[in-house]
Amino acid sequence: MRLKNYLIVKVGFLLLYSLGVSGQTFTPLSSPTSPINTVDLRGFYRGCAWVDIDNDGDLDLSLKGWALRNEGQDSFSIVQSFGNGPAGGPPEIMGGISWADYGNDGDLDCLYSTTSISGGKTASRTFIYENDGSGHFAEKWIAAKGDSLGTWSASWGDYNNDGFVDITCAVANGFVGLKTPGFFYKGNADGSFSEISTFEFTQNLAPYTVAYWTDYDRDGDSDLFIASGPGGQPGPDFHYRNLLKETGKADLERITNTPFADDPHDGQCYNFVDVDLDEDLDLYVTNYGGAPNRFYENQAGRLVSMKNDLVFDGRMLGNCWGDFDNDGDQDLLLTADNIQQCGYFENQKGTLVKVSNPFLLRFDTTGQNVSGLSIGDYDNDGDLDFFTNGGERGQNGPRGLFKNELANDHHWVNIHCTGTASNKAALGTVIYLTATINGIKIKQQREITAQNTFMGHNSLRVHFGLGDATFIDELSIHWPSGQVDKYSKVAVDQFYTALEGKDLKK
């Protein structure tokens with residue numbers, strides 16, 4: 001992986017703070033001249049994502065309303081503003097982002113939604129920002145509704161595995177003037193979209209906040225989980241099983257008679273993760289105020305509600321997973337409307353233990369939240385860093401880049417997947433990795449998705465921590481097309497590119 005050899009905006013990080021966590025250090029980096037700290041970020045609920053917008057091998061930063069290029073050596077430059085009005089304009093309440101290659105032309109495009117209020121009137125905008133291949137973008141309407149398409153958030157996914165990504169818009173009815181059902185647009189081969197209005201969530205009014213596409217039953221198609229935060233009151237969330245593999249036709253069937261479907265939620269973020277490395281998926285749901293966070297352990301295929309340190313009441317927003325200490329299991333970062341309820345949870349043999357609140361090193365506790373968060377290895381050093389995007393009512397609010405300066409000698413691997421028959425960004429792809437860690441053969445799994453944090457997502461590159469494993473026994477990539485690519489005796493501590501149906505390349 002090469003670093004760029006030019007600098008547009010040199011960032012001299014002046015304020016460095018450190019937090020030691022089990023042999024690792026998170027360092028929040030700050031500079032009064034860096035665009036990561038100076039670009040205008042109005043709004044209280046804001047997403048973010050690490051993405052390689054110019055295909056140069058490092059991760060750039062997408063904030064609500066901005067694309068910032070990674071120039072290497074902890075420096076960033078402004079590429080473009082997405083849909084931001086002038087400074088001092090109507091206050092923006094929220095902004096969500098999701099990235100995929102909707103044109104299948106080899107570069108990533110941004111799906112962007114934002115809502116503002118002025119004079120008691122709501123103005124919403126949902127657009128695609130189409131990448132020209134060099135990391136610059138042209139605004140494109142999704143449909144004739146254009147900037148009247150009001151949503152809380154929007155996300156990419158490929159619900160019918162046809163290789164063309166689709167758009168799901170979640171509309172929180174009754175909040176900030178939003179008064180419509182959700183929207184769904186099927187992607188077509190010519191780059192256009194066809195609206196489908198027959199799904200339940202496109203016909204009924206509900207406080208839909210964020211839509212998550214994930215193959216929770218690992219049958220080869222993406223299922224839909226729509227968090228629906230009533231804002232302090234418990235109620236139903238909306239979960240749908242995709243029937244593509246069962247019937248041959250993509251359709252969404254409401255999931256009922258399961259603990260996670262029956263429990264009342266004030267849902268904000270859904271993630272299915274193999275927390276205890278028993279080769280099945282557990283579920284964690286962050287709830288805002290009407291219900292506690294909920295953790296469901298997978299017991300022989302049934303998700304059972306459990307009590308542990310992750311289950312508590314709070315104004316919670318995102319739950320964000322990654323192996324920060326490279327020991328072979330996934331750790332957790334929680335974001336919240338109340339910054340004091342945020343935290344870093346270390347996975348200790350399947351038990352998540354809160355060991356710190358790194359956000360307090362960068363932000364104070366008055367009137368601020370931490371909403372959006374994205375995890376990715378932006379400096380290509382083999383460990384996961386994170387950026388967080390918060391809000392402060394009527395102001396720019398906090399944001400911060402936290403650099404992981406891991407001190408142990410654990411191994412890792414990082415994989416960039418590119419679809420051929422599948423969609424180019426490989427959304428819906430599941431990767432299984434088997435390696436011997438501490439003398440035990442362990443199987444890990446990851447899924448590529450463009451919405452897995454609150455109103456944003458982690459890097460689309462896939463990272464595994466490997467502990468003391470000196471090689472990977474087997475790497476198995478399951479693509480949405482049905483193609484399965486298997487590799488054995490794979491070297492560790494490398495960045496790889498996996499092209500569907502082809503060899504794995506460094």
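Thr388 is found in strand 30 (residues 385-392); strands (E, at least two residues) and helices (H or I, at least four) are DSSP runs, numbered from the N terminus. Thr388 is buried, with a relative accessible area of 1%, where buried means under 20% relative accessible area, exposed over 50% and partly exposed in between, for a 1.4 Å probe and protein chains only. The C-alpha atoms of Thr388 and Leu63 lie 9.3 Å apart in space, although 325 residues separate Thr388 from Leu63 in sequence. The model is predicted, so local features need pLDDT of at least 70 and side-chain atom pairs count only at pLDDT 80 or more, while totals for chains, interfaces and linings use all residues. Residues are numbered from 1 along each chain as its sequence is written, and side-chain values use heavy atoms, with hydrogens and water left out.

A search of the whole structure finds three cavities of 30 Å³ or more. A cavity is a set of points on a 1 Å grid over the protein atoms alone where a 1.4 Å probe fits but cannot get out, and its lining residues have an atom within 4 Å of a point. Grid points are joined across faces, edges and corners, and a volume is the space filled by probe spheres set on the points. The largest cavity has a volume of about 520 Å³. Its lining comprises 33 residues, of which Gln330, Arg446, Glu447, Asn452 and Asn458 lie nearest the centre. Two or more lining residues come from each of strand 17 (210-214), strand 21 (267-273), strand 25 (316-322), strand 29 (368-376), strand 34 (440-447) and strand 35 (462-467). Strand 21 contributes the most, with four residues. By class, the lining of the largest cavity has 13 nonpolar, 13 polar and seven charged residues; Ala, Val, Leu, Ile, Met, Phe, Trp, Tyr, Cys and Pro count as nonpolar, Asp, Glu, Lys and Arg as charged, and the others, Gly among them, as polar.

The second largest cavity holds about 60 Å³ of space. Residues lining the second largest cavity include Trp156, Asp158, Trp213, Leu427 and Glu447. Five nonpolar, four polar and two charged residues make up this lining.

Eight bridges join strand 33 (residues 430-437) and strand 34 in the antiparallel sense, and Ala435 has Ile442 in strand 34 as its bridge partner.

A further open sheet has four strands in the order 13-14-15-16, again with antiparallel pairing. Strand 13 (153-157) and strand 16 (193-195) are the edge strands, each pairing on one side only, and the twist averages 25 degrees from one strand to the next. Strand 14 (residues 166-170) and strand 15 (residues 183-187) run antiparallel and are joined by three bridges; Ile167 has Tyr185 in strand 15 as its bridge partner.

Strand 27 (residues 343-348) and strand 28 (residues 351-356) run antiparallel and are joined by five bridges, with Phe345 opposite Lys354 in strand 28. Two residues lie between the strands of this hairpin, in which Lys349 takes a positive phi near 55 degrees.

The structure holds 43 aromatic pairs. Rings of Phe, Tyr and Trp (its six-membered ring) pair if their centres lie within 6.5 Å; planes under 30 degrees apart count as stacked, over 60 as edge-to-face and the rest as tilted. Tyr112 and Tyr129 form an edge-to-face pair, 6.1 Å centre to centre and with 75 degrees between the planes. Tyr112 lies in strand 10 (residues 109-118) and Tyr129 in strand 11 (residues 121-131), 17 residues apart. Tyr112 is buried at a relative accessible area of 0%, and Tyr129 counts as buried at 3%. The ring centres of Phe225 and Phe260 are 6.1 Å apart and the planes stand at 45 degrees, so this pair is tilted. Both Phe225 and Phe260 are buried. Ring pairs also link Phe26, Phe324, Tyr344, Phe359, Phe386 and Phe402 into a cluster.

Key:
On a 1 Å grid over the protein atoms alone, a cavity is a set of points where a 1.4 Å probe fits but cannot get out, and a pocket is an open set with protein on both sides within 12 Å along at least five of seven lines; lining residues have an atom within 4 Å of a point. Two strands pair if DSSP finds at least two bridges between them. Axes are lines fitted to C-alpha atoms, for helices over the stretch in contact, and angles run from 0 to 180 degrees between N-to-C directions.
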